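The sequence and structure come first.

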Amino acid sequence: MLDLRLTNGTFHTMDRSRPRARSLGVWRGRIVGVDEAIAGLPAAHEVDLAGATVLPAFIDAHVHLAWTGLAARATSVAGQRDAGSVLAVIRRAAAHAPPDAWVDVADYDQRPLGRDLTAAELDEAGGGRKVLVAHRSGHACVVSSAVLALLPPGTEHRDGLLAESGMAAARAARMPYSVAELTDAIESAGRACLAEGITAAAEAGIGGGLIAHSAIELAAYQRARDAGRLPLRMRLMVAADLLREVAAHPDDGLRHGIDLGLRTGLGDDRLAIGALKVFTDGGMMPRTAALTEPYVGLDHGGALFADPAELTATIVAGHLADWQLAIHAIGDRAVDVALSALAEAQRLRPRPGARHRVEHAGLVRPDQLPRLARSGATVVVQPAFLWSFGDDYAQLMGADRADWLYRGRAFRTHGIPLAGSSDRPVTVGAPLRAIQFMVERRSHSGRVIGPDEGLSVDEALRAYTIDAARACHWEQALGSLAPGNHADLVVLSDDPHRVAPSRIGAIEVVTTFSAGVPVYGGAGLGLG
């Protein structure tokens with residue numbers, strides 16, 4: 001007997017052998033089959049969907065759940081348009097904090113202010129406390145003098161402004177958050193994802209670097225899972241900072257790794273170790289993404305995170321240690337470094353099935369597309385960046401480069417695997433909003449950016465379902481409504497294939513199922 005039969009729906013399965021269906025059966029959390037395969041089977045529960053659209057639940061291939069949850073509890077300066085207003089918010093928050101406490105401030109963006117805050121201003125507003133004002137990009141921060149005093153000697157800053165490695169030093173000084181704090185943050189951020197139709201995601205870096213919150217961050221995910229508080233299926237990227245020399249047998253060819261030889265794949269469909277996260281550059285918002293030509297209106301083109309030889313050595317070491325790599329590369333100069341390092345790694349030890357990833361690929365020149373294709377790497381993009389920040393990014397790149405931003409069609413044409421993601425909390429996380437941008441290429445102001453890069457609705461949906469599943473090594477269990485897969489699916493109020501592209505982002509998520517159980521909504525289906 002089936003546990004659940006869903007009937008009278010429009011099922012877009014993302015299974016090429018059976019792309020459309022009208023009914024679907026579930027038993028013990030798995031999909032049994034569709035239509036005629038389940039027609040004669042009794043079911044404990046049967047739900048008439050009244051023609052509603054059903055898709056595989058979305059997969060966000062690059063998120064920061066702990067950061068999202070913690071930022072939601074920090075003092076936010078989002079929406080403040082001048083330095084005085086930002087400092088007033090910080091002053092009020094500091095007034096309620098003990099003298100030895102950290103004052104955590106989120107959502108900082110220097111662009112509407114016309115300049116960065118300074119350490120002296122934070123000293124006054126914070127009353128001498130440790131104040132850390134985190135840039136919404138995650139690649140920079142401004143800190144008070146009390147924080148500067150905690151940083152290693154020689155840490156470079158400009159009046160309290162720290163970027164990239166300096167930001168990492170500030171993050172290390174702020175750590176560790178407690179496992180209890182992180183567990184709460186992960187759970188709250190994960191539940192927000194369920195409301196957007198997401199049931200699986202890849203956490204884009206734990207344990208070190210720019211994105212760490214504790215040296216034992218994995219323990220928070222394990223605690224959440226054991227307590228039934230992990231809303232999503234998770235792949236956890238490990239920061240490359242954790243690689244060190246290991247005393248392995250010479251025949252193993254493994255000179256750098258993490259303790260016990262842990263690597264990509266350990267775990268199960270609920271919680272597992274994912275890729276090794278390597279930073280090669282910064283971000284476009286703080287103007288630190290590494291470009292081959294300067295930003296328009298600025299006298300620099302950003303910077304690499306480290307010397308190219310050092311970055312290459314890290315990437316090669318991870319490859320030789322059997323990791324899947326997730327290489328953060330936003331600017332085209334950083335993409336050059338990533339591609340050269342991947343080519344060297346594959347030359348030293350061919351691994352055709354490594355499924356390495358280039359995270360972001362924010363600016364990719366035409367001449368880089370064939371190299372990307374040859375690398376075999378999946379490009380993991382964040383289309384909502386251009387919906388939220390596209391006007392700014394296009395101006396920074398100028399007319400000659402704006403069409404190269406966060407490409408879509410060019411990747412597909414060159415046979416480059418493409419997965420969708422959000423990078424939440426940097427911008428909106430809703431997949432349907434990002435899918436809308438992938439199709440129509442319009443920013444929130446209506447500006448069209450790279451019109452020739454638009455995808456079909458089906459291609460965009462695949463980027464957030466089966467193609468994202470493949471990027472995370474989940475395609476045998478998630479990403480399509482195929483028999484044997486987990487019954488993770490999302491019921492929508494309308495069909496993205498049938499509405500105008502401008503309306504895709506406004507489609508309502510009616511119900512999200514994980515393993516055949518409603519984890520968001522469901523009341524309208526009689527399952528709440």
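The model is predicted: local features need pLDDT of at least 70, side-chain atom pairs count only at pLDDT 80 or more, and totals for chains, interfaces and linings use all residues. Residues are numbered from 1 along each chain as its sequence is written, and side-chain values use heavy atoms, with hydrogens and water left out.

**Helix packing**

- Helix H9 (residues 332-348) and helix H10 (residues 368-375) have axes that come within 10 Å and cross at roughly 35°. Axes are lines fitted to C-alpha atoms, for helices over the stretch in contact, with angles running from 0 to 180 degrees between N-to-C directions.
- Helices (H or I, at least four residues) and strands (E, at least two) are DSSP runs, numbered from the N terminus.
- The H9 and H10 crossing is left-handed, meaning that the near helix is turned anticlockwise from the far one by less than a right angle.
- On the H9 side, Asp332, Val335, Asp336, Leu339, Ser340 and Leu342 meet Gln368, Arg371, Leu372 and Ser375 of H10 (contact means heavy atoms within 4.5 Å).
- The residues of this H9 and H10 contact comprise 4 nonpolar, 3 polar and 3 charged. Ala, Val, Leu, Ile, Met, Phe, Trp, Tyr, Cys and Pro count as nonpolar, Asp, Glu, Lys and Arg as charged, and the others, Gly among them, as polar.

**Salt bridges: total and network**

- The structure holds 31 salt bridges (a side-chain nitrogen of Lys or Arg within 4 Å of a carboxyl oxygen of Asp or Glu).
- A network of salt bridges links Asp332, Asp336, Arg365, Asp367 and Arg371.

**Strands E6 and E1**

- Glutamate 46 pairs with arginine 5 in a salt bridge, with the closest N and O atoms 2.9 Å apart. Glutamate 46 is in strand E6 (residues 46-48) and arginine 5 in strand E1 (residues 4-7), so the pair ties together parts 41 residues apart in sequence.
- Glutamate 46 is exposed at 52% relative accessible area, whereas arginine 5 is buried at 9% (buried means under 20%, exposed over 50%, partly exposed in between, with a 1.4 Å probe and protein chains only).

**Arginine 412**

- Arginine 412 is partly exposed, at 27% relative accessibility.
- Glutamate 459 forms a salt bridge with arginine 412, the closest N and O atoms lying 3.7 Å apart. Glutamate 459 is in helix H14 (residues 457-463) and arginine 412 in helix H12 (residues 409-413), so the pair ties together parts 47 residues apart in sequence.
- Arginine 412 also forms a salt bridge with aspartate 467, at 3.5 Å between the closest N and O atoms.
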